[in-house]
Amino acid sequence: MEREPMRIREGYLVKKQGSMFNTWKPMWVVLLEDGIEFYKRKADNSPKGMVPLKGSSINSPCQDFGKRMFVFKITAAKQQDHFFQAAYLEERDAWVRDIKRAIHCIDGGQRFARKSTRKSIRLPETINLSALYLSMKDPEKGIKELKLEKDKKVYNHCFTGTTVIDWLVSSNSIRNRKEGLMLASSLLSEGYLQPAEDTSKAAAEGLSDTPFLDLSDAYYYFPDSGFFCDGNSSDDDVVLKEEFRGIVVKQGCLLKQGHRRKNWKVRKFVLREDPAYLHYYDPAGGEEPLGAIHLRGSVVTAVEDMPDSKKHDVDNILFEIITANDIHYYLQAASPAERTEWIKAIQAVSRTGK
């Protein structure tokens, strides 16, 4: 019986449609061992198309579209170009890294595996890290992603090092916690786990006895989970506070472009997790929102410029939200770092909220 290709990575990306027109559409993209499938929606059963990886090449960063950031290009064996846009830098680099590895493996006649650490860690050949990773992400029996607070910061969609080792023990993947450290270090080295804060990052960089820490104050996350961090939380913050229509994840002022007059106005935005809405208010006051953007199934990306705005209207710190109903919203943050924080927060809510 022929083996099904392994699903390496999946998530929403913006894809250029057609060769004649500069039309970009959000697609649910699935990276397999032998190709990239793209769907109109996550729930669709049949893909709109597929890019075979054998004989393909990838180019990143791709500068063919100056106004679109974080674009990468895949050139198939028949010299057909496919352009994809990620939401932010780390997401693009993660896709590119896995696609490059998949191309390398298929051209070499090998099964997909991230960079090998088996020899250095002496990991038994019987252990399949890819299968273990999928088990860890199982919604029912896997590791639960939480909101954790440390040093006045809130870490979303993550878990502790102790939780990982506990799960490995309870799932009979290891015999003891020492073996768990070896296995978790291998998962970390091959990209299946990522360090979330200073303690775990320092260990991963070689500043501890082991790359992975079996500690309750060392935080980790899955690379495609929608992890983000809210900085500098305090007792006065409304982060994690229940009000209006659900839990507030992030809030702050942004510039928003109007749909009718195309003019830009400052609005106070409040991002809620359940239901998944981004409400906006008059910054001068008022309890009732002026409007809301439904985020479930939406795609968010950074953009450098937009056709309907004059150069003096806004600085190029823009991002675009494309809803499931194909409505486009353009917003501007105060800095590139703030834009990335908003993108990551909105992206996470769009995946998990109702």
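## The largest pocket

The largest pocket in this predicted model has a volume of about 1,300 Å³. It is lined by 43 residues, and those closest to its centre are Gly11, Tyr12, Trp28, Lys42 and Arg351.

Strand 1 makes the largest contribution to the lining of the largest pocket, with seven residues. Sorted by class, the lining of this pocket has 17 charged, 16 nonpolar and 10 polar residues.

## The second largest pocket

The second largest pocket holds about 730 Å³ of space. Its lining is made of 34 residues, of which Tyr88, Glu90, Tyr221, Phe227 and Lys344 lie nearest the centre.

Several elements supply at least two residues each to the lining of the second largest pocket. The helices are helix 1 (89-107), helix 6 (198-204) and helix 7, and the strands are strand 1, strand 9, strand 10 (194-195) and strand 12 (228-230). The largest share, six residues, comes from helix 1. By class, the lining of the second largest pocket has 15 charged, 13 nonpolar and six polar residues.

## The cavity

The structure has one cavity of 30 Å³ or more. The space in the largest cavity comes to about 80 Å³. Its lining has 14 residues, and Tyr12, Ser298, Val299, Val300 and Gln347 are the closest to the centre. Strand 1 (7-17), strand 18 (299-303) and helix 7 (336-352) are the elements that give two or more residues to this lining.

The lining of the largest cavity counts seven nonpolar residues, five polar ones and two charged ones. Tyr12 is listed among the residues closest to the centre of the largest cavity, and Tyr12 is also listed among those closest to the centre of the largest pocket.

Strand 8 (residues 146-150) and strand 9 (residues 153-160) run antiparallel and are joined by four bridges. Glu149 has Val154, in strand 9, as its bridge partner.

The two strands form a hairpin, with two residues between strand 8 and strand 9. Asp151 lies in the turn and has a positive phi of about 50°. Strand 9 also supplies at least two residues of the lining of the second largest pocket.

## A buried lysine

Lys256 belongs to strand 14 (residues 246-257). Is Lys256 buried or exposed? Lys256 counts as buried because its relative accessible area is 9%, and the cut-off for a buried residue is under 20%.

Leaving aside residues up to four places away in sequence, Lys256 touches Asn263, Trp264, Lys265, Arg267, Phe269, Tyr280, Tyr329, Tyr330 and Leu331.

## Confidence in the model

The average pLDDT of the protein is 81, and 84% of the residues score at least 70. Where is the confidence lowest, and where is it highest? The lowest mean, 36, belongs to strand 13 (residues 242-243), while helix 4 (residues 161-170) has the highest, at 95.

Over residues 232-245 the pLDDT is below 50, and this stretch has 31 contacts in the model beyond near neighbours in sequence. Residues 116-121 also have a pLDDT under 50, and the model gives them 16 contacts beyond four places in sequence.

Definitions and conventions: Residues are numbered from 1 along each chain as its sequence is written. This is a predicted model: local features need pLDDT of at least 70, side-chain atom pairs count only at pLDDT 80 or more; totals for chains, interfaces and linings use all residues. Side-chain values use heavy atoms; hydrogens and water are left out. pLDDT is the predictor's confidence in each residue, from 0 to 100. Contact means heavy atoms within 4.5 Å. Two strands pair if DSSP finds at least two bridges between them. Buried means under 20% relative accessible area, exposed over 50%, partly exposed in between (1.4 Å probe, protein chains only). On a 1 Å grid over the protein atoms alone, a cavity is a set of points where a 1.4 Å probe fits but cannot get out, and a pocket is an open set with protein on both sides within 12 Å along at least five of seven lines; lining residues have an atom within 4 Å of a point. Grid points are joined across faces, edges and corners, and a volume is the space filled by probe spheres set on the points. Ala, Val, Leu, Ile, Met, Phe, Trp, Tyr, Cys and Pro count as nonpolar, Asp, Glu, Lys and Arg as charged, and the others, Gly among them, as polar.
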